[in-house]
Amino acid sequence: MEQKEYTISILVENSPGVLSQVSRLFSRKGYNIDSIASGTTEDPRVTRITIVMQGDEVIIGQITAQLRKLLCVISVKLLSPESAVQRELVLVKVRAETKDKRDEIIQVVNVFRASIVDISRETLTVVILGSESKAGALMDLLADFGILEVVRTGTIAIERGRNTIYDNNKEKGEFDYGKNVL
């Protein structure tokens, strides 16, 4: 089967160890996570985890089924690139030791609709919000100046239109084994 990139969006209970439990599932199955990002939702009791991984349809079917069985999981949704908005935030610290270099970097940054978020006499820190390919293209150009440091959030994604991840909630009581037991 053909390997391709998949984005999985997961709603989980916001409790200690949940992110570790989800990532351990991938590790136990021998699947690599390319990107993982998590944060609370509009409900502080719920966290949304976005995972990007390479695989085929069989692997994705297995991993989503296993995720749904975890007690802490509320919902799992597979997002296609066509049906979701996906973004990554990247901070890049670039060497800019002269005014001419700083001006040149600022011009490149403006073309990519990125922003300068910090400036010193020797460096500029650039923030890029967009697709992985947009960040990669800008970083390729910034490499000519000397990239000192890079920090990436990992991909986050949300489905386009009216559909939401809440449409895939577990049925009441489904996989609720042992939650109400002493």
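Is Arg24 buried, exposed or partly exposed? Arg24 counts as partly exposed because its relative accessibility is 42%, where buried means under 20% relative accessible area, exposed over 50% and partly exposed in between (1.4 Å probe, protein chains only). The structure is a predicted model, in which local features need pLDDT of at least 70 and side-chain atom pairs count only at pLDDT 80 or more, whereas totals for chains, interfaces and linings use all residues. Residues are numbered from 1 along each chain as its sequence is written, and side-chain values use heavy atoms, with hydrogens and water left out.

Arg24 is found in helix α1; helices (H or I, at least four residues) and strands (E, at least two) are DSSP runs numbered from the N terminus. Together with Arg28, Lys29 and Lys69, Arg24 forms a patch of positive charge on the surface. Patches are made of residues with over 30% relative accessible area and no salt bridge, like charges being joined within 9 Å and nonpolar side chains (Val, Leu, Ile, Met, Phe, Trp, Tyr) within 5 Å. Lys and Arg count as positive and Asp and Glu as negative, with His and the chain ends not counted, and the place of a charge is taken as NZ of Lys, CZ of Arg, CG of Asp or CD of Glu. Helix α1, residues 18–29, gives the most to this patch, with three residues.

Helix α1 also holds Leu19, which is partly exposed at a relative accessible area of 38%. Tyr31 is placed in the loop between α1 and β2 (35–40) and is buried, with a relative accessible area of 17%.

Val151 lies in strand β8 (residues 147–152) and is partly exposed, at 46% relative accessible area.

Helix α4 (residues 132–142) has Ala135, Leu138, Met139 and Leu142 as its buried residues. They lie on the same side of α4 because they cover an arc of only 100 degrees around the axis, the arc being that of the directions from the helix axis to the C-beta atoms. The face turned away from the buried side of α4 carries the exposed residues Ser133 and Asp140.

Salt bridges complete the picture. Six are found in a search of the whole structure, each defined as a side-chain nitrogen of Lys or Arg within 4 Å of a carboxyl oxygen of Asp or Glu. One of them joins Glu88 and Arg152, with the closest N and O atoms 3.0 Å apart. Glu88 lies in strand β5 (residues 84–95) and Arg152 in strand β8, so the pair ties together parts 64 residues apart in sequence. Glu88 is buried, at 6% relative accessible area, whereas Arg152 is partly exposed at 36%. Lys99 and Asp103 also meet in a salt bridge (2.8 Å, N to O); being four residues apart in helix α3 (residues 99–111), they are separated by about one helical turn.

Terms used
Areas by Shrake-Rupley, 256 points an atom, 1.4 Å probe, with all protein chains shown as cover.
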